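Please read the following report beside the sequence and the 3D view.

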Amino acid sequence: MSDVGGQVAVVRLCDISIGGGIRFAAACNNNASPPAQHQYTLYLLDHLESIIIMPEAYAAHPDYGYDRDFRGYGEAGLRGLKWPNDAKIAVSFVINYEEGGERSVLCGDGQSETNLRENAGPPRINERHYNAESEFEYGSRAGFWRLFRLFNKHEMKFTLYAVACAVQEVPEVVTRCVETGHDVASHAYRWLEYHDFSIEKEKEWIKKCIESLKKLSGYAPKGWYYGRGSPHSRTLVPQVYEEMGEELVWASDTYADDIPYWIDRADEKQKLNPTGCLMVPYSYDCNDFKFHSANGFRDPQGFYNHLKNAFDVLFAEGEEGAPKMMTIGLHNRIIGRPGRFKALQDFVEYISKKEGVWVATRTEIAECFREQFPYQKGSLAKAK
């Protein structure tokens, strides 16, 4: 901060455009009546050597803001939840299919992908990065089919988090998932950050994704997971489904619980017959992406141990009368590598020998929950 001529300024972001570029509003500690705001701001910019720029106070749009919930189901948990055949635990395997939806100069992104790679490094700008591209191609060429064979062998259904642009490159992936009874859900149109998308652009991409996956699978995806959504996504996704006459059964951009729960939609406050949105929590801890994170798994045995520990704890809670769900997040190019795959294979074999385990798609879990606990405004879950 500079003090020039007795003036000390605090500059705050606002919606006033200065010179067609910088957006400022300013205040000064002198008592003189300032001229028009934009003139005064320009005066300060001319007379101060430096400025502290303060962010505008956050205020969510009423249609897109959601209160935080620290209480959840509380000490008692959710009473009365039952999985089919009195299973003690519901297990959801999720395969993230992203290969072909990542950043690439071929898609007009101007750079190569750097996220969730074996050999991470700075992006290549305005040029191909063939090595990075080949890491992703391993996932679609070899990794996915290795996972596909494993789950089919054990007759376990998984949910495919399908990035639309990615599965468009290998449409037989979706075809075979549908034929074998696996669930095709949305992982967005492309595997990108969406936080800076305009509302209209995001709606357009949501619609494109639904249309693309419906064309490939024969149905609109029943569930949605962004991973890197915008502050508007929680409202926009169900809105677009409604506008298209499609049904969104569940959404998974939450990590807040071990069982599903309902939320009131911010855009339905004045609606006579609100529908809410069922949240089916995803998992970052039981997730192979942590092989590629600094605080993650250093070896496959650590991954197996973590999955087994989580399963054993949740299974025991189910035996005590509080059944839970467990999500295991997988990526073709990560767990599909043979050295890591063995850990997943061992875990699948471990739970396959247990009684009282329901391995289900996320849509099956959501539909089971909705049947017992239909939406009631203002409630996480209320039995019929």
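S283 is found in the loop that runs between β11 (277–279) and α7 (300–319), where helices (H or I, at least four residues) and strands (E, at least two) are DSSP runs numbered from the N terminus. This is a predicted model, in which local features need pLDDT of at least 70 and side-chain atom pairs count only at pLDDT 80 or more, while totals for chains, interfaces and linings use all residues. Residues are numbered from 1 along each chain as its sequence is written, and side-chain values use heavy atoms, with hydrogens and water left out.

S283 counts as buried because its relative accessibility is 7%; buried means under 20% relative accessible area, exposed over 50%, and partly exposed in between, with a 1.4 Å probe and protein chains only. Not counting residues up to four places away in sequence, S283 touches Y255 and T327, a contact being heavy atoms within 4.5 Å.

With a relative accessibility of 10%, S212 counts as buried, and, when residues up to four places away in sequence are not counted, it touches A164 and Q168.

| Side chain | Partner | Distance |
|---|---|---|
| S283 | D285, side chain | 3.0 Å |
| S212 | Q168, side chain | 2.5 Å |

Helix α9 (residues 338–352) has 15 residues and reaches 21 Å from its first C-alpha to its last, close to the 21 Å expected at 1.5 Å a residue, the expected span being 1.5 Å times one less than the number of residues. Within α9, the residues R340, F341, A343, L344, F347, V348 and I351 are buried. They lie on the same side of α9 because they cover an arc of only 155 degrees around the axis, the arc being that of the directions from the helix axis to the C-beta atoms. The buried residues of α9 pack against β5 (89–97), α2 (130–153), α7, β12 (324–331), α8 (332–335) and β13 (357–359).

K384, in the segment after α10 (362–372), counts as exposed because its relative accessibility is 69%. Leaving aside neighbours within four places in sequence, K384 is in contact with E371, Q372 and P374. The C-alpha atoms of K384 and Q372 are separated by 6.4 Å, although these residues are twelve residues apart along the chain.

Key: A polar contact is a pair of N or O atoms within 3.5 Å; within protein, one must be able to donate a hydrogen and the other to accept it, and residues adjacent in sequence count only if both atoms are side-chain atoms.
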